[in-house]
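Okay, everyone, thanks for coming. Let me put the structure up on the screen, and then I'll walk you through it.

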Amino acid sequence: MRSSLLRIVAVPLTWIVFVGCGSKTETQKLLTSDELSEAAIEAAYQPAYLELATGIKPRAIHPWPCETKPIGHNIASYQDYGGGAYFHHGIDIMANAGSVVKAAAGGKIVNIENYGGSDAYWEIAILDDEGFIWQYHHVDHESIPQAIHDALSSGVNIPSGTIIGKVFYWSQSSFGALFHHIHLNVRGKQNDFFNPLTFLEAVPDTKAPVIREIGIIKNGAPEPDDDEKGVASDPYSLYVNIDDLMFHDKYIVPPYWINYRVDNDPVRVVWRFDNLPGGSSNAKYVTDFFIADRTCGDYDCRKFFINLGFDPQGNRTFTTTPGPHKIIVTASDFSGNITSKEYGWTVK
Ligand SMILES: [Zn+2]
């Protein structure tokens, strides 16, 4: 389903092509509807200033940029608005439209730019003292203080807590509420996407993730509900359907990490989202980690079916020893709330 966000993007881009940029119009091609998706906008956006990043490992802890903490999406969220699947790659901090956005980390302002065509896609980017680049997306352009524009031209550092603007009015609703938010990316030396939560002050979250279902993947999809359910033969993998909430009652997100133990084998970590498995790519591995035909992530649907055999080195295989087996899957949210569930199956 195509969202109305895409339509608000579509109008100004068309305007730019036909009316906008003077001589640029001759070389600028018309964007197709697929290219107008948020995924395409993000994927196409590789600003040159990212070369300034030198940060390798997060150390300093910073205050939050907004007063409120509900998380609309975390770094791991599966997203597909019709233009292709990708990891959300930053966090969406839900806030009232017009509320203040402050620089979490201080530093040098390296960019103020409209990167997506519509007024929804204004960015402020800050290079912090440790070499990480903080990209704040969906800042209301009109609200950016003159002092911030001046700091971009002069190159002076702004301290943490400086007001950089206000939250844009997001006209698209999701699960019954308008989706006003600041999307925050933190980028390192390889342009890799770090988990912004690892840079921000700890906020207590008391709701553990919920494991809804574990099962066998046959021929690339969760097994059908038939006579052979729970019986595996080579090759197969296992999946988990899992979700979490972070300071919100509806915006389901994936957990921070997942691990498992099969029978008495060593515990294996599927992935811990301190960063994205694809490094600087927000799309790489997304359909290896998530099972695309059962997973959804858009304004109306969120379901996360994760392949427990996922490994960036190549998917792991599960035991082919005939007989009964069991797996204990454990998942944690960022605050350390842990949940576990056991599942048994038979290999024949
Ligand atoms: Zn976002």
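I'll go through the metal site, then a sheet, and then some aromatic pairs.

Quick ground rules. This is a predicted model, so to speak of local features we need pLDDT of at least 70, and side-chain atom pairs count only at pLDDT 80 or more, while totals for chains, interfaces and linings use all residues. Residues are numbered from 1 along each chain as its sequence is written, and side-chain values use heavy atoms, with hydrogens and water left out.

Let's start with the zinc ion. Which protein atoms are its donors? They are His88 through NE2, Asp92 through OD and His183 through ND1, lying 2.1 Å from the ion. A donor here is an N, O or S atom within 2.8 Å of the metal (3.2 Å for Na, K and Ca), and since water is not among the atoms, sites may look incomplete. Along the chain, the donors have the spacing H-x3-D-x90-H. Asp92 sits in strand 4 (residues 91–94) and His183 in strand 14 (residues 181–187), so to say distant parts of the chain, 91 residues apart. Helices (H or I, at least four residues) and strands (E, at least two) are DSSP runs, numbered from the N terminus. Both Asp92 and His183 are buried, meaning under 20% relative accessible area, with over 50% called exposed and anything in between partly exposed (1.4 Å probe, protein chains only).

Two strands pair if DSSP finds at least two bridges between them. Strand 20 (residues 257–262) and strand 25 (residues 323–332) run antiparallel, joined by six bridges.

On to aromatics: the structure holds 28 aromatic pairs. Rings of Phe, Tyr and Trp (its six-membered ring) pair if their centres lie within 6.5 Å; planes under 30 degrees apart are stacked, over 60 edge-to-face, and the rest tilted. Phe132 and Phe194 have ring centres 5.3 Å apart and planes at 85°, so that pair is edge-to-face. Both of these residues, Phe132 and Phe194, are buried.

Phe289 and Phe310 are edge-to-face too, because their planes are at 85°, with centres 5.4 Å apart. Phe289 is in helix 4, and Phe310 is in the loop between strand 24 (305–307) and strand 25.
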